[in-house]
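Work through the exercises below with the sequence and the model side by side, and try each task before reading its solution.

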Amino acid sequence: MYLLACLGVFLAAYLANAIMITVFYHRGLAHRAVTLRPWARKLAIHTGIWFTGLDPKGWACMHRRHHAYSDTERDPHSPVHLGMWGVLFGQLKAYERTLVGLARGESEFTRQVEDLDFPINWVNRKRVWYLPYLLHLGIALVIAVPTGMWTLAAAYYFGIMSHPVEGWIVNTLGHAVGGRNFETADDSRNNHLAAWLVFGEGYQNNHHRYATSAKFSYQPREVDLGYGLCLLLEKLAVLDICRDTLIPSPDLLSDVQTQDAAVESAQAA
Ligand SMILES: [Zn+2]
Ligand SMILES: [Zn+2]
C-alpha cells in the first residue's frame with residue numbers, strides 16, 4: 001500500500017511538471033499552438049519556474065533555437081552532434097547559455113523571443129536559480145523527517161523535478177530512434193516509448209513538420225496524451241486549441257498528395 005502511495009505521488013508530481021512543460025511552455029508559449037487564457041498565461045509566466053525549475057522564457061528561447069537549427073551544429077541538444085549521453089549535460093549547458101544570452105541581451109537569443117513580452121524570471125535575473133530546487137527539497141524533507149517516509153519524499157522530488165530526464169528522453173530518442181512520417185531537413189523521429197513516457201513529445205518528426213499543431217500524433221496508432229490534456233484544459237476554460245494549425249489527418253493529406261500528383265502529371269503531359 002505504501003509503495004502504491006509512492007507511485008501515486010510520483011505520477012501526480014510528474015503530471016504537474018509535464019502539464020507545465022508540454023502544454024503551457026511548449027504548445028502554449030513556444031509555438032502558440034494553444035492560446036492560453038490570460039490568467040493561465042500569467043500563471044505559467046510567474047509560477048512555471050516554481051513547478052519545474054525551468055524558466056519559461058529561457059526554455060521557449062532554447063526550444064525555438066532547437067527548431068531553427070535542428071540537428072545542425074547550432075542545435076542546443078542534438079544527439080547527432082553530442083551523442084546520446086552527451087545530450088544529458090549538453091541540454092543543461094545550452095539552457096544555462098540561453099539564460100546568460102538573454103540576460104546580456106545578445107541578439108542571437110533575444111531575437112528568438114521578441115514576441116514574449118516578459119523577462120526571464122527574477123530567480124534567474126538575481127542568479128538564485130536553485131531556489132525552486134531548494135523549495136521542493138524542503139517540501140520533501142517536511143514529508144520525510146517527521147514520518148520517516150523517505151521513499152514517498154523521493155517520489156515527490158524526482159516526480160516534480162523530472163525535467164532533465166524527460167528532456168533527455170525526448171531529445172535523444174526523438175532525434176535518433178524511430179520512424180518518420182514526413183521528410184524534414186533534420187533527423188527527427190517518431191518514438192512511441194518517448195511519446196508514452198512524455199505526453200506525446202516523442203513524436204518529434206510529426207512535430208518538426210507541423211510545429212504549430214497542438215496535436216503531435218498523426219497515424220492512428222500514435223497516441224498523444226499531451227493533446228488529450230489540451231482537450232481537457234480547453235473544456236476547463238484554461239486554453240483554446242488553435243484548430244487552424246492542427247496537423248492534418250492522414251486521409252486528408254493523402255487526398256492532397258493525390259491531387260498534387262494529378263496536377264503535376266497534367267502539367268507534365
Ligand atoms: Zn526536436
Ligand atoms: Zn517544439
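**Exercise 1: a residue in a loop**

Decide whether Phe199 is buried or exposed, and say why.

Solution. Phe199 is buried because 27 other C-beta atoms lie within 10 Å, where buried means 20 or more other C-beta atoms within 10 Å of the residue's own, exposed means 12 or fewer, partly exposed lies in between, and C-beta atoms are placed from the backbone. Next, place Phe199 in the chain: Phe199 belongs to the loop between α11 (192-197) and α12 (204-209), helices being DSSP runs of H or I with at least four residues and strands runs of E with at least two, numbered from the N terminus. Then list its partners: leaving out residues up to four places away in sequence, Phe199 touches Ala18, Thr22, Leu225, Gly226 and Leu229, a contact being two C-beta atoms, placed from the backbone, within 7 Å.

This is a predicted model, in which local features need pLDDT of at least 70 and side-chain atom pairs count only at pLDDT 80 or more, while totals for chains, interfaces and linings use all residues. Residues are numbered from 1 along each chain as its sequence is written, and chains are lettered from A and ligands numbered from 1 in the order in which they are written.

**Exercise 2: the core**

Solution. A nonpolar core is a set of buried Ala, Val, Leu, Ile, Met, Phe, Trp, Tyr and Cys residues joined through C-beta atoms within 7 Å. The largest one has 58 residues, and those touching the most other members are Met20, Phe24, Tyr25, Ala44, Ala60, Tyr156 and Cys230.

Describe how helix α3 and helix α5 pack, giving the angle and the distance between their axes.

Solution. Helix α3 (residues 56-68) packs on helix α5 (residues 86-104) at about 110°, with the axes 9 Å apart; axes are lines fitted to C-alpha atoms, for helices over the stretch in contact, and angles run from 0 to 180 degrees between N-to-C directions. Therefore α3 is roughly perpendicular to α5, since angles of 65 to 115 degrees count as such, those under 35 as roughly parallel, those over 145 as roughly antiparallel and the rest as oblique. Lys57, Gly58, Cys61 and Met62 of α3 meet Ala94, Tyr95, Thr98, Leu99 and Leu102 of α5.
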